[in-house]
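Subject: Structure handover

Hi,

Here is the structure for you to look through. Please open it first, then read my notes below.

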Amino acid sequence: MKVVGFNGSPNKKGNTACSLNMVFEELENAGIETEMIQVGKKKIQGCTACHDCVKKQNEACSFDDDPVNEWIQKIKAADGILLGSPVHFSGVAGTMKSFLDRAFFVASVNGGLFRNKVGAAVAAVRRSGGISTVDSLNHYINYSEMVMPSSNYWNVAHGLAPGEMRQDGEGKQIMAVLGKNMAWIMKIIEHGKVQFPAPEPVTKTMTNFIR
């Protein structure tokens, strides 16, 4: 089994990366392969609502000059994903959000590419805004019919200087518990696939309130 983590911070070795790596440690201890992908410093175009991905049904965004389509396929091939972001004005970092908007829209209109995978989100913050950021990241996971493990508090770690979150004792424990719970759920799903197949996907009902 494999988990792909996406670091939405422009800092490759900052507190977001540290938080993700703490979750990774527990996953690796459980025999699960991990891969970190650095999103934060890439030039990622936001979604332009062209609906080309809807028309072509090729599991790809119309923009092919950045890594988003490659990342979509990495998520599709993985058993689980981790989304990590620093807190920018109590929200998800812009580059990370541009990536997620495009990737998850492509997935949703191409048969639900991320259905039944295990997904979790973490945020790193100096002081406040972490909960609203994790909540925003969780929206993508919930919308995609993914399975979300929990921890023993909100998945937020505190720190300013790179690596400072390692002084946040509670934050470190949160990430460790999240990693253990994620590994446990992934193994339950993996071992139960034959006896308990996943529900069949349904065609989404779209209800517009203004006509």
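**Notes on the model**

Q57 sits in the loop between helix 2 and helix 3. Helices (H or I, at least four residues) and strands (E, at least two) are DSSP runs, numbered from the N terminus. This is a predicted model, so local features need pLDDT of at least 70 and side-chain atom pairs count only at pLDDT 80 or more, while totals for chains, interfaces and linings use all residues. Residues are numbered from 1 along each chain as its sequence is written, and side-chain values use heavy atoms, with hydrogens and water left out.

**Two positive phi values**

Back to Q57. Its phi is near 50°, a positive value in a residue other than glycine. Most residues other than glycine have a negative phi. Q57 is partly exposed, at 44% relative accessibility. The cut-offs are these: buried is under 20% relative accessible area, exposed is over 50%, and partly exposed is in between (1.4 Å probe, protein chains only).

S90 also deserves a look. Its phi is near 65°, which is positive in a residue other than glycine. S90 belongs to the loop between strand 3 (80-88) and strand 4 (91-92). With 41% relative accessibility, S90 is partly exposed.

**Salt bridges**

Side chains of opposite charge can pair when their charged atoms come close. A salt bridge here is a side-chain nitrogen of Lys or Arg within 4 Å of a carboxyl oxygen of Asp or Glu. How many salt bridges does this rule give? The count is nine.

Take E35 and K2. They form a salt bridge, and their closest N and O atoms are 2.8 Å apart. E35 lies in strand 2 (residues 33-38) and K2 lies in strand 1 (residues 2-7), so the pair ties together parts that are 33 residues apart in sequence. K2 is partly exposed, with a relative accessible area of 22%. K2 and E35 also belong to a network of salt bridges, which links them with E33 and K74.

Next, D66 and R102. This salt bridge has its closest N and O atoms 2.7 Å apart. D66 is in the loop between helix 2 (52-56) and helix 3 (68-77), and R102 is in helix 4 (residues 94-109), so the pair ties together parts that are 36 residues apart in sequence. Are D66 and R102 buried or exposed? Both D66 and R102 are buried.

K193 and E190 make another salt bridge, with the closest N and O atoms 3.2 Å apart. K193 is partly exposed at 43% relative accessibility. E190 is partly exposed too, with a relative accessible area of 35%.

**Helix packing**

Start with helix 1 (residues 15-29) and helix 6 (residues 169-192). They pack at an angle of about 45°, with their axes 7 Å apart. Axes are lines fitted to C-alpha atoms, for helices over the stretch in contact, and angles run from 0 to 180 degrees between N-to-C directions. Helix 1 and helix 6 are therefore oblique to each other. Angles under 35 degrees count as roughly parallel, over 145 as roughly antiparallel, 65 to 115 as roughly perpendicular and the rest as oblique. Helix 1 passes helix 6 in a right-handed crossing.

Which residues of helix 1 meet helix 6? They are S19, M22, V23, E26 and L27. Their partners in helix 6 include K172, M175 and M186. Contact means heavy atoms within 4.5 Å.

Now helix 3 and helix 4. Their angle is about 55° and their axes are 10 Å apart. That makes helix 3 oblique to helix 4. Their crossing is right-handed. V68, W71, I72 and I75 in helix 3 meet F99, R102, A103 and V106 in helix 4.

**Two single residues**

S98 is found in helix 4. S98 is buried, with a relative accessible area of 17%. Leaving aside neighbours within four places in sequence, S98 is in contact with I44, Q45 and G46.

K12 is in the loop between strand 1 and helix 1. K12 is exposed, with a relative accessible area of 61%. Leaving aside neighbours within four places in sequence, K12 is in contact with N7, A17 and Q38.

Best wishes

Key:
Left-handed = near helix turned anticlockwise from the far one by under 90°.
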